[in-house]
Amino acid sequence: MRIEFARRLGRRGIVALACIAVMSGCSGPITTPVLTVPSSVEPTIDDDSVIVYNFYDSSVPPPSHRSLELTVSRTQSRLVIDSYGDVLADESRPTPPEVWSGLVDGVPSLAALRVDGAQEGCVGGTGEAVHVSLGKQVIVELAVDECAGSTERVSEAIGGWIKPARDLFPPTQELAPTG
C-alpha cells in the first residue's frame with residue numbers, strides 16, 4: 001500500500017522542514033540546499049509524477065555556455081538547452097516505459113544521496129538539480145554544486161540515474177552547437 005510522503009511526514013514535519021529552509025537562508029555562507037525526504041520515509045512516485053533535471057553550466061562566454069532542463073513524465077520527455085536564457089534547442093520525445101520505470105525504481109536511491117559538508121559554488125563550477133514531484137507535493141529535491149570534485153560521487157549518481165532519459169535525445173553539441 002502506497003502512503004503519500006506528505007501524509008506520512010505529517011503537518012508538523014512539513015512545518016519543521018519549512019522553518020529549517022527559512023532559517024538556513026538567514027545565516028552563514030551561501031550554500032546550495034540539499035533537500036530530500038527523511039531516510040525513514042520511503043519516497044513513492046506514481047504515473048502522475050514529474051521529474052525535472054537541470055544542469056547548470058559554468059560561467060563561460062555565451063558561445064560556449066550550455067545549460068539544460070530535462071523534464072520527464074510517464075508519457076513525455078522534453079529537453080531544453082539554453083545559453084544564459086536564450087533557448088538554443090527545445091525537443092520532445094515519448095518516454096519509453098522502460099526508461100520511466102528505471103527512473104521510478106531509482107528514486108529511493110536518489111533520495112538517499114547525501115552531500116558531505118556545506119557546498120559553496122566556485123568560479124568555473126557547474127551544478128545539477130533534481131526535482132521529483134507529484135502535483136504540488138515534492139518527493140525529492142536535490143541540488144549540488146560541482147566544484148573541484150567536492151560532490152563528484154553525488155553528481156555521478158545523479159548522472160547515472162538520469163542518463164537513460166537524457167539518452168533519448170542527441171548530444172548537446174548536436175542540438176546546440178557552440179559558436
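**Briefing on the predicted model**

Tyr53 stands opposite Val130, a residue of strand S5. The coordinates come from a predicted model, in which the chain forms four helices and six strands. Read from the N terminus, these elements follow the order α-β-β-β-β-α-β-β-α-α.

**The nonpolar core**

- The largest nonpolar core comprises 33 residues, and those making the most contacts inside it are Leu70, Leu110, Val132, Ile158 and Trp161.
- At least two residues of this core come from each of the strands S1 (50-56), S2 (67-72), S3 (76-83), S5 (126-134) and S6 (137-146), and likewise from each of the helices H2 (97-111) and H3 (152-166).
- Helix H2 gives the most to this core, supplying seven residues.
- Leaving aside residues up to four places away in sequence, Trp161 touches Ile51, Gly102, Leu103, Gly106, Val107, Leu110, Val130 and Val132.
- In soluble globular proteins, nonpolar side chains tend to be buried together.

**Salt bridges**

- The structure holds four salt bridges, among them one in which the side chains of Asp90 and Arg78 meet at 2.6 Å, N to O.
- That pair links distant parts of the chain, since Asp90 lies in strand S4 (residues 86-94) and Arg78 in strand S3, twelve residues apart.
- Asp90 counts as partly exposed at 41% relative accessibility, and Arg78, with a relative accessible area of 39%, is partly exposed as well.
- Another salt bridge brings together the side chains of Arg93 and Glu91 at 2.9 Å, N to O; Arg93 is partly exposed at 25% relative accessibility, and Glu91 is likewise partly exposed at 25%.
- The side chains of Lys163 and Asp167 also meet in a salt bridge, at 2.5 Å, N to O, with Lys163 partly exposed at a relative accessible area of 45% and Asp167 partly exposed at 48%.

**Ser73 in its loop**

- Ser73 is placed in the loop between S2 and S3, and its relative accessible area of 18% means that it counts as buried, the cut-off being under 20%.
- When residues up to four places away in sequence are not counted, Ser73 touches Ser49, Thr95 and Trp100.

**Values for the whole chain**

- Of the 179 residues in the chain, 39% are buried.
- The accessible surface of the chain comes to about 10,200 Å², and carbon and sulfur atoms account for 57% of this surface.
- Among contacts between residues at least 6 apart in sequence, 62% join residues that are at least 24 apart.

Terms used. Residues are numbered from 1 along each chain as its sequence is written. This is a predicted model: local features need pLDDT of at least 70, side-chain atom pairs count only at pLDDT 80 or more; totals for chains, interfaces and linings use all residues. Side-chain values use heavy atoms; hydrogens and water are left out. A nonpolar core is a set of buried Ala, Val, Leu, Ile, Met, Phe, Trp, Tyr and Cys residues joined through side-chain atoms within 4.5 Å. Buried means under 20% relative accessible area, exposed over 50%, partly exposed in between (1.4 Å probe, protein chains only). Contact means heavy atoms within 4.5 Å. Accessible areas come from the Shrake-Rupley method with a 1.4 Å probe; for residues, only the protein chains shown count as cover. Two strands pair if DSSP finds at least two bridges between them.
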